[in-house]
Amino acid sequence: MTSLSESLISLLQDFTHNKNIKKGRCLHAKIIKTGLRFPFVANSLVNLYLKCGSLNEAKLQFEEIQIKDVVSWNCIITGCSKQGLPGSSLALELFYQMRKEDTSPNSFTLAGVFTSASNLSSASVGKQAHCLSIKTPNCSDVFVGSSLLNMYCKSGLVCDARKVFEEMPEKNFVSWASMISGYASVRNAVEALELFKLMRLEEEEQGLNEFVFTSVLSSLSSPELVENGRQIHCLGIKVGMLSFVSVGNALVTMYAKCENLDCALDIFESLSDKNSITWSAMITGYAQSGDSSMALQYFSKMQLTGFRPSEFTLVGILNACSDVTAIREGKQVHCYLAKLGFESHLYIRTALINMYAKCGVINDAWKCFDQLQEPNAALWSSMIGGYVQNGANEEALSLYGRMQMKDILPSESTMGSVLKACSVLAALEQGKQIHARTIKHGLDLEVSIGGALLTMYAKCGNVDDSKLVFRRMRERTVVSWNAMINGLSENGHGHEALQLFEEMKLNGTKPDNVTFVNILSACSHLGLVDKGWCYFKSMVDDFGIEPELEHFGCMVDLLGRCGKLQEAKIFIESASIDHEQRLWHILLGSCRKYRNFEIGVYAGEKLMELGSKESSVYILVSNMYADEGKWEDMKRIRELMRLRGIHKKPGYSWI
């Protein structure tokens with residue numbers, strides 16, 4: 001190698017490191033002029049253009065190389081694999097071309113292919129390359145193994161990833177972190193924690209680094225795992241990991257997801273080195289916990305400190321605006337993100353549609369959707385869900401029809417929303433067609449789809465098909481049991497609903513407050529007062545569930561339906577909950593049915609005393625007084641009605 005070529009290589013490396021493509025192009029021109037076309041110079045030029053993000057120029061330079069060796073191929077394939085989706089597609093094309101030209105790959109080539117396959121979530125390509133790596137000599141090193149492991153994890157094939165992990169002759173911290181992160185991606189915290197413990201036994205302290213800590217912390221996302229998070233937090237302090245901002249960010253996120261915002265805030269305040277991810281973690285934590293006002297406050301503080309929000313920060317703050325129906329703040333955030341150039345991002349656009357839909361501004365949600373020429377499945381799903389949330393069920397079904405015409409595959413979320421629309425409209429035939437579509441698209445009876453299907457059939461009065469769907473579900477959560485119990489109760493199968501509740505307990509599924517609303521409602525329709533009392537007391541005694549207004553309402557309804565009006569009156573007056581007027585409303589309706597003047601008037605007077613604005617209350621009580629011939633009291637009620645400006649609403653014919 002001449003001194004000139006050495007100096008050119010040195011300059012190329014310097015420009016590549018600084019990503020100075022302008023000076024790199026000038027140097028490229030000088031190389032062409034001097035005629036130095038050595039392979040190592042050409043490879044360095046390819047590397048320069050790739051590092052500067054210029055794929056086309058890198059490919060053109062690569063094609064000019066007359067004799068391409070494995071180093072040339074590795075340079076372009078590995079460089080392209082690091083460029084995200086466009087580069088990964090090109091990397092795989094080049095790999096196929098390399099194979100056609102009978103150039104044997106090595107470990108660096110295959111590592112680049114595995115990275116490209118993981119970027120594209122192409123498990124089939126990754127598996128083919130895996131087979132090739134087994135047949136290729138010297139491709140069983142830790143570098144290739146870690147790339148293969150990462151590919152399987154990112155493709156959601158965690159079981160295959162674990163097999164690769166177990167067969168690796170040598171493991172490094174990247175291997176451990178990738179495998180733990182794989183379990184975190186499928187929300188398998190138990191396996192992630194077990195693997196973390198195993199790593200500590202096998203690698204001792206040398207395997208502990210910031211990547212391993214952030215991986216295991218990302219797997220902890222529910223309140224029952226917060227103690228495990230605290231233990232890892234303590235270990236992080238012990239080995240000095242809190243000096244890494246990524247570990248601090250992971251701790252803030254972990255505590256926020258585990259619904260321990262006080263600890264999340266303590267970590268946030270203690271971090272001397274914060275970045276936009278730190279602020280995003282805190283803002284998203286408040287938004288997800290329902291404390292939207294604090295999320296908005298911290299977003300404002302973030303702006304004051306000079307940090308530029310990422311798309312993830314903006315998604316979190318848009319969700320916060322959805323929760324408080326803060327449409328004014330939501331529109332301000334929309335303007336701000338448009339100014340920053342984020343408006344076309346998929347996650348942002350989806351969050352905008354959700355925000356406008358949840359705030360009831362469905363026209364603006366539609367504008368966000370309609371502005372895109374080719375919206376993808378996620379955006380279609382958001383728009384359909386927005387229509388359903390706002391009661392525009394016919395529009396939701398119409399939009400789903402348009403989605404089908406464009407041959408866009410629906411997701412579970414899409415089908416759940418469409419089935420909900422069918423439930424509200426009692427559109428059984430359309431519901432059956434959509435059921436057939438879920439089978440055609442390979443959507444199993446998972447919790448979301450199965451629950452939506454059985455609810456749809458129950459709402460349409462088809463209890464047999466509802467039960468069939470329920471029995472075929474492989475996994476049933478408390479939501480699934482609640483939907484089936486409610487479906488049976490609403491369709492006059494109260495005894496079956498109570499039997500299913502007993503089966504639910506035997507199955508080991510713990511009931512929640514919604515379960516007891518359904519059970520008490522079933523008892524009310526069946527007139528089972530004693531059983532109703534047993535279930536009401538069982539809520540607190542056996543399951544530690546404090547009765548809410550709906551449960552008290554069900555008990556008053558049960559007692560009223562069975563004519564136990566005095567018992568219902570005593571129960572309301574002893575109720576330990578602020579029920580405002582609802583319980584007296586229920587009792588008044590029962591008194592009308594049984595023509596009980598004394599308790600009916602008492603309930604009516606209570607309602608008027610509490611300032612009820614319902615015209616039906618005043619009319620009913622005045623009619624009761626009239627039936628008893630108490631004309632002065634009747635006049636008093638009519639006068640009170642006039643003074644309060646309450647008018648009887650006129651009846652309308654449904655026709």
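**Pockets and repeats in a predicted model**

The lining of the largest pocket is made up of six nonpolar, nine polar and one charged residue, where Ala, Val, Leu, Ile, Met, Phe, Trp, Tyr, Cys and Pro count as nonpolar, Asp, Glu, Lys and Arg as charged, and the others, Gly among them, as polar. The model is predicted, and local features need pLDDT of at least 70, side-chain atom pairs count only at pLDDT 80 or more, and totals for chains, interfaces and linings use all residues. Residues are numbered from 1 along each chain as its sequence is written, and side-chain values use heavy atoms, with hydrogens and water left out.

A pocket is here an open set of points on a 1 Å grid over the protein atoms alone, where a 1.4 Å probe fits, with protein on both sides within 12 Å along at least five of seven lines, and lining residues have an atom within 4 Å of a point. The largest pocket holds about 600 Å³ of space, a volume being the space filled by probe spheres set on the points, which are joined across faces, edges and corners. Its lining consists of 16 residues, and Thr 253, Lys 257, Ser 280, Thr 284 and Phe 312 are those nearest the centre. Two or more lining residues come from each of H15, helix H17 (276-288) and helix H19 (311-323), helices being DSSP runs of H or I with at least four residues, numbered from the N terminus. The greatest contribution to this lining is that of H17, with six residues.

The second largest pocket contains about 470 Å³ of space and is lined by 15 residues, with Ala 177, Ser 181, Gly 182, Ser 215 and Ser 218 nearest its centre. At least two of its lining residues are supplied by each of helix H9 (142-154), helix H11 (173-185) and helix H13 (210-218), and H11 gives the most, with eight residues. This second lining comprises six nonpolar, eight polar and one charged residue.

Asn 260 is found in the loop between helix H15 (245-257) and helix H16 (261-270). With a relative accessible area of 16%, Asn 260 is buried, a term that applies under 20% (1.4 Å probe, protein chains only). Leaving aside residues up to four places away in sequence, Asn 260 touches Val 226, Arg 230 and Tyr 255, contact meaning heavy atoms within 4.5 Å.

Residues 69-105 are 78% helix and 0% strand, with end C-alpha atoms 10 Å apart, while residues 275-309 are 74% helix and 0% strand, with end C-alpha atoms 10 Å apart.

Conventions: Buried means under 20% relative accessible area, exposed over 50%, partly exposed in between (1.4 Å probe, protein chains only).
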